[in-house]
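Reader: I am new to reading structures. Could you walk me through this one, feature by feature?

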Amino acid sequence: MNSAATMISIRNVTKRFGVFAAVQDACFDIRAGEFFSLLGASGSGKTTLLRILAGFEAATEGEVHIDGAPMDAVPPHQRPVNMVFQNYAIFPHLNVRDNIGFGLRKLKLDKAERARRIDEMLELIKLPGFGDRASDQLSGGQRQRVALARALILRPKVLLLDEPLGALDKQLREQMQTELRALQRSVGITFVLVTHDQEEAMALSDRIAVMADGRVLQIDTPAGLYERPKTRRVASFVGSMNFLPGDLAVRACGQAAWQHGKADFIAIRPERITLHTDHPADQAGAGQPLPGRLTDRVYLGERVQYQVQLDGCAQHLAVSTPNTAPVVADPGTPVWLTWPAEAMIPLQDD
Amino acid sequence: MIRRHHFHRPNRGLQVYAVFFMALLYAPIMFIPLFSFSDGLYIRFPIEGWTLRWYDELLQRTAVLRALENSVRVAGSVAVVSTVLGVFAAKALVRYRVPGKGPILGFILLPLVVPPIIFGVALLLMVSWLQIPLSLYTIAAGHIIICLPFAIATLLPRFEGYDAAMEEAAADLGENGWWVFWRVTVPIILPGIVASLLLTFTVSFDEFVMAFFLGGTDLTLPLYVWGQLRIPRAFPVVLALGTLILLFSFVLVFLGLKIGRRGAIKLVDRD
């Protein structure tokens, strides 16, 4: 597949409800065959943008093209997109088969072909034999699969997913993430996912657009967002992050190692910081370890999360160590922190 | 033995009061079926003997059957028209951002609190000013005004009870507004539609005041009963007729409530 082919083109889209701008000047492309996520807190405009793609909301300004065709005048029932709704919107009066086959009416298939396509979908979502179940006899995960099949059976150019895993419990959610990713690869359809869960977005997406207050802050791959956030907001939204005044952070790793010049802030991931209970030996070219005091320890199973207050300032740093490291210290113990220069991400005020 | 919190403990005094209240409410109505089986012409205790002859006599009267037919025709059309209008109104009120929703709803529900006699007189004035002859049609028009609030009150919770995303999902799957309505909206609110049909049918079937003002020479059943009351000899027959109407109305209202509730529970239980 040509990776450069554009499936969805969002051109300067703004949506206002009265004076409130839900989406402001969104402008980006989504590639064909891509798993693309809109990530943001509630009220960030991600759902509004998805509903503009589906045709349930009209953009106040700007335009949307899907597969090269302008969508402004196209009503939802004529768009080449299908959607998995937040609570799945399974039709309560229809059984599983009729839910999945709902959209086939217009294709005027004969009975056998219709049955074949529904069976194919039941197979795809791993629910063969569930066709005659009433819709209220399904578990949350099964409802989610039926919603997927109902949308995919029409072979849309784009599948829109509105928080599709939000209603599931944690274990099921992780299992469905894996299946969703595999499904997207096997059908090769462009997926656009809306989520507030950054782990979900990271696990699933080829690229993620981080949104806040109606604006797209940054679009990048999961690794790009995590390792090279452009602004403080993106950095704090994706994963947990420490923020330090630039000069303090540079002192800890040594001026020599720092190539970036002056930054307003330095961001450091908690897992990149090394915690020492003894003053570490000075290494050549390394900076001074920052002394502090352990104020809290949270045991998370696979990881242990520490809070450290730096001596001489009010700054707290989060430090995360894998559980394989020796459990260091109780709150109150003096500790020293070091980190490599490449762990520091320079940020400007935003 | 389950110990109950004092909040949930049964209150003996209230129970006695409730039974007494219900008895007072329904005892007078129960006299109607009771005396419809009495052998005597007059309502008095002790009852001298039991008979079914008033029912037999009732079925001999062609005027009764004609009134019954009129009533069924009026009530049937009123039920259909007010339920159809109710579906549109309820959908509009729940699904769309209607400016002045509160006042509109209040205005629609107004006939519930305005005495029918006021409406009856007002409609009679209008009908005679427009020189429309009084008939079963004018009765039906009056009844639609009275029944519309019942239809809307029955249907509103049905529309509020299901996610608007159902309709969006149907549109997303390729159906236009017309098909979304028939393939998704109607099946989901069907219990409400049936309940509304039964309820409005009953209200129209039993209604007297509007029919009295707006009726022509064709009588509905309540009008026929009213006419018979002036003839003392006909009174036991009226009681027999009243018993049948009572029974019929009870069954319809009971069915309507049961159907309406069953559907509601089915929708809410999910999730």
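Reader: Let me start with helix packing. How do the axes of helix 7 and helix 8 of chain B cross?

Author: Two packed helices are described by the angle between their axes and the distance between the axes. Now the case here, in a predicted model. The axes of helix 7 of chain B and helix 8 (residues 177-206) of chain B come within 9 Å. They cross at roughly 155°.

Reader: Are helix 7 and helix 8 of chain B roughly parallel or antiparallel to each other?

Author: An angle over 145 degrees counts as roughly antiparallel. Helix 7 of chain B and helix 8 of chain B are therefore roughly antiparallel. Their crossing is right-handed.

Reader: Which residues make the contact?

Author: From helix 7 of chain B come Met166(B), Glu167(B), Ala170(B) and Ala171(B). Helix 8 of chain B supplies Val180(B), Arg183(B), Val184(B), Thr185(B) and Ile188(B).

Reader: How many helices and strands does chain B have?

Author: Chain B has 11 helices and zero strands. Along the sequence, its pattern reads α-α-α-α-α-α-α-α-α-α-α. Its C-alpha trace spans about 70 × 70 × 30 Å along the principal axes. Of its 271 residues, 34% are buried. Now take the contacts in chain B with a separation of 6 or more. Residues 24 or more positions apart account for 79% of them.

Reader: Where in chain B is confidence lowest, and where is it highest?

Author: Where pLDDT is low, the predicted coordinates should not be read in detail. For chain B, the lowest confidence is in helix 11 (residues 235-269), at a mean of 74. The highest is in helix 7 (residues 165-172) of chain B, at 93. Over residues 264-271 of chain B, pLDDT stays under 50. The model has eight contacts beyond four places in sequence for that stretch.

Reader: What is the mean pLDDT of chain B?

Author: The mean is 85. In chain B, 92% of residues reach 70 or more. There are scores for the model too: ipTM is 0.82 and pTM is 0.80.

Reader: Let us move to chain A. How many helices and strands does chain A have?

Author: Chain A has nine helices and 18 strands. Its C-alpha atoms fill a box of roughly 80 × 45 × 40 Å, taken along the principal axes. Buried residues are 38% of the 350 in chain A. For contacts, count residues at least 6 apart in sequence. In chain A, 66% of these contacts join residues at least 24 apart.

Reader: How do I read a sheet? What order do the six strands of the open sheet in chain A have?

Author: In chain A, the order is 6-7-8-3-9-10, and the pairing is mixed. The edge strands are strand 6 (81-84) and strand 10 (215-220) of chain A, each of which pairs on one side only. On average, neighbouring strands of this sheet are turned by 20° against each other, direction ignored.

Reader: What packs on this sheet?

Author: Helix 4 (residues 140-152) of chain A does. Helix 4 touches strand 6 and strand 7 (158-162) of chain A. Its direction makes about 175° with that of strand 6 of chain A.

Reader: How many bridges join strand 3 to strand 8 of chain A?

Author: Five bridges join strand 3 (residues 35-40) to strand 8 (residues 190-195) of chain A. The two strands run parallel. Leu39(A), for one, has Thr195(A) in strand 8 of chain A as its bridge partner.

Reader: Now the open sheet of five strands in chain A. What is its order?

Author: The order is 13-17-14-15-16, with antiparallel pairing. Strand 13 (274-276) and strand 16 (316-322) of chain A are the edge strands. Neighbouring strands of this sheet are turned by 45° against each other on average, direction ignored.

Reader: How do strand 14 and strand 15 of chain A pair?

Author: Strand 14 (residues 290-299) and strand 15 (residues 303-310) of chain A are antiparallel, over seven bridges. Arg297(A) stands opposite Tyr306(A). Val298(A) has Gln305(A) as its bridge partner.

Reader: How many bridges join strand 14 to strand 17 of chain A?

Author: Four bridges join strand 14 to strand 17 (residues 334-338) of chain A, and the two run antiparallel. There, Pro291(A) has Trp336(A) in strand 17 of chain A as its bridge partner.

Technical notes
Residues numbered from 1 in each chain as written. Chains lettered and ligands numbered in written order. Predicted model: local features only at pLDDT ≥ 70, side-chain atom pairs only at ≥ 80, totals over all residues. Pairing = 2+ DSSP bridges. Axes fitted to C-alpha atoms, helices over the stretch in contact; angles between N-to-C directions. Contact = placed C-beta atoms within 7 Å. Buried ≥ 20, exposed ≤ 12 C-beta atoms within 10 Å, placed from the backbone. pLDDT = per-residue confidence, 0-100. Parallel < 35°, antiparallel > 145°, perpendicular 65-115°, else oblique. Left-handed = near helix turned anticlockwise from the far one by under 90°.
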